[in-house]
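Subject: Structure handover

Hi,

Here is the structure I promised to pass on to you. Have a look at it first, and then read on for what turned up.

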Amino acid sequence: MQLVSVVIPVFNGDKYLAEAIDSALEQTYSPVEVIVVDDGSTDGSGQIADGYRDAITSIHQERGGNGAARNHGVSVSRGELLSFLDADDRWHPTKLARETELLAARPELSGARSLVHEFISPEIDEETRRRIRATHDAIPGLHHYGTMRREAFGRLGGFSTDLQLAVGVDFSARWADLDLSSELVPEPLVERRLHKANNWTREANRHSDLAMAVKASLERRRKAAGPEPSA
Amino acid sequence: MVHETIEGEVIVIDLATGTYFSLQGGAADVWALIAAGNSTSEMISALAAAYREDAASIESALEPFLTELQAESLVTVSPNDDGRRPGVPDLKATGPFAARLEKHTDMTELILLDPVHDVDSIGWPNLPADQKPGT
């Protein structure tokens, strides 16, 4: 069985971090190494990660964004396979088993990903709950939510360190540009948490980041297509 | 809806559908004028001055573009009676004036999958107004 390295970047996410780490440690698959990268948190995230002692690898860095944190985690990892978990999300216990099964059976695949199911964090009050749209059916996750071969990660050159919030979209866009293959496990094995914002400026920044990821993808395709024929 | 000008290119993303648009050159100039609150006639004068073209030729290139923007629901027409003076954006004016809307659907899936974890975020993932309780 191949070692799976699970990288969890965290920035001020002490509220849900333990739940995320536990869900990675409680996978039915083994061997797994869990690497938490504390991205300059000022809350208790770093201490929570350190509290797991030998059960995980806990590393700390100055604030560099979640792309840089994930890349840092990969740089210290040893697994042939890589998977990324957000510090506010959690996995179903069979997540890695199902994805690695697919990768073992299909050597030509670069990655395998499961469906993502959204849930409303238990502390959200009733009034807010009513405002939130009904949780839709499970949808395929972006590529980094799945399990990928280290070689594919290398070909992609890791995550963008320029973007802060649209890192995953950018990663998946580049995955598509390189025509890397991926197969879907049709089960909702990743649980994405909807919870309260801790930073009101986040949404505006995310939008600007998303536009940058889209622009970068456009530029790559324009470059690949060669110079435009003059009209 | 997200719009952002990056290196002279306007990227407009419809978060509800995952469609995105690119506006370059004259189209980016028109977008800047719209964003600054200019009316159609104010845009025509500003563009005619910047591109050194007559108003009639600007208008004939502008009208279909504005219609296209409305058809894609990227802009809505509002009565120009708020009394505010429109801003005067810096126009690139690399002519001749032409305005084209590039529509892309190749990243639809990725844009729709982009996770937003914060329920307080404006507009998402709140229900559309007509589905909110009590409205």
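Let me start with one residue pair: Val7(A) has Ile35(A), in strand 2 of chain A, as its bridge partner. Before you go further, please keep in mind that this is a predicted model.

**Strand 1 of chain A**

That bridge belongs to a set of seven that join strand 1 of chain A to strand 2 (residues 32–39) of chain A, and the two strands run parallel. Strand 1 of chain A also pairs with strand 4 (residues 81–84) of chain A, again in the parallel sense, over four bridges. There, Ser5(A) has Leu82(A) as its bridge partner. If you trace the chain from strand 1 through helix 1 (residues 17–25) to strand 2 of chain A, you follow a right-handed β-α-β unit.

Is strand 1 of chain A enclosed or open? Seven of its seven residues (4–10) are buried, so strand 1 of chain A is largely enclosed by the rest of the structure. Val4(A), Val6(A), Ile8(A) and Val10(A) point one way, while Ser5(A), Val7(A) and Pro9(A) point the other way, and all of them are buried.

**The nonpolar cores**

In soluble globular proteins, nonpolar side chains tend to be buried together. Which members of the largest nonpolar core touch the most other members? They are Val6(A), Ile8(A), Val36(A) and Ile13(B), out of 64 residues. Leaving aside residues up to four places away in sequence, the contacts of Val6(A) include Ala24(A), Val34(A), Ile35(A), Leu85(A), Trp91(A) and Leu96(A). There is also a second, separate core of 25 residues, with Ala27(B), Ala28(B), Leu47(B) and Leu101(B) among them.

**Helix 1 of chain B**

Ala27(B) and Ala28(B) are among the buried residues of helix 1 of chain B, together with Gly26(B), Asp29(B), Val30(B), Trp31(B) and Leu33(B). That makes seven buried residues of the ten in this helix (residues 26–35), so helix 1 of chain B is largely enclosed by the rest of the structure. What covers these buried residues includes strand 1 (2–6), strand 2 (9–13), strand 3 (20–23), helix 2 (40–51) and helix 3 (55–71) of chain B. Just after helix 1 of chain B, Gly37(B) takes a positive phi of about 90°.

**Aromatic rings**

Over all chains, the structure holds seven aromatic pairs. One of them is Phe159(A) with Phe171(A), a stacked pair with 4.3 Å centre to centre and 25° between the planes. Phe159(A) lies in the loop between helix 6 (150–156) and helix 7 (167–177) of chain A, and Phe171(A) in helix 7 of chain A, so the pair ties together parts that are twelve residues apart in sequence. Both Phe159(A) and Phe171(A) are buried.

Phe171(A) also pairs with Trp175(A): the ring centres are 6.4 Å apart and the planes lie at 50°, so this pair is tilted. Because Phe171(A) and Trp175(A) are four residues apart in helix 7 of chain A, about one helical turn separates them. Both Phe171(A) and Trp175(A) are buried. Phe159(A), Phe171(A) and Trp175(A) belong to one aromatic cluster with Phe84(A) and Phe153(A).

Two charged residues in chain A are also worth a look. The charged end of Arg63(A) sits over the ring of Phe11(A), 3.6 Å from its centre. Lys95(A) lies over the face of Trp91(A), at 4.1 Å from the ring centre.

Note on methods. Residues are numbered from 1 along each chain as its sequence is written. Chains are lettered from A and ligands numbered from 1 in the order in which they are written. This is a predicted model: local features need pLDDT of at least 70, side-chain atom pairs count only at pLDDT 80 or more; totals for chains, interfaces and linings use all residues. Side-chain values use heavy atoms; hydrogens and water are left out. Buried means under 20% relative accessible area, exposed over 50%, partly exposed in between (1.4 Å probe, protein chains only). Contact means heavy atoms within 4.5 Å. Two strands pair if DSSP finds at least two bridges between them. A crossover is right-handed if, with the strands pointing away from the viewer, the path from the first strand over the helix to the second runs clockwise. A nonpolar core is a set of buried Ala, Val, Leu, Ile, Met, Phe, Trp, Tyr and Cys residues joined through side-chain atoms within 4.5 Å. Rings of Phe, Tyr and Trp (its six-membered ring) pair if their centres lie within 6.5 Å; planes under 30 degrees apart count as stacked, over 60 as edge-to-face and the rest as tilted. A charge sits over a ring if NZ of Lys or CZ of Arg is within 6 Å of the ring centre and within 35 degrees of the ring normal.
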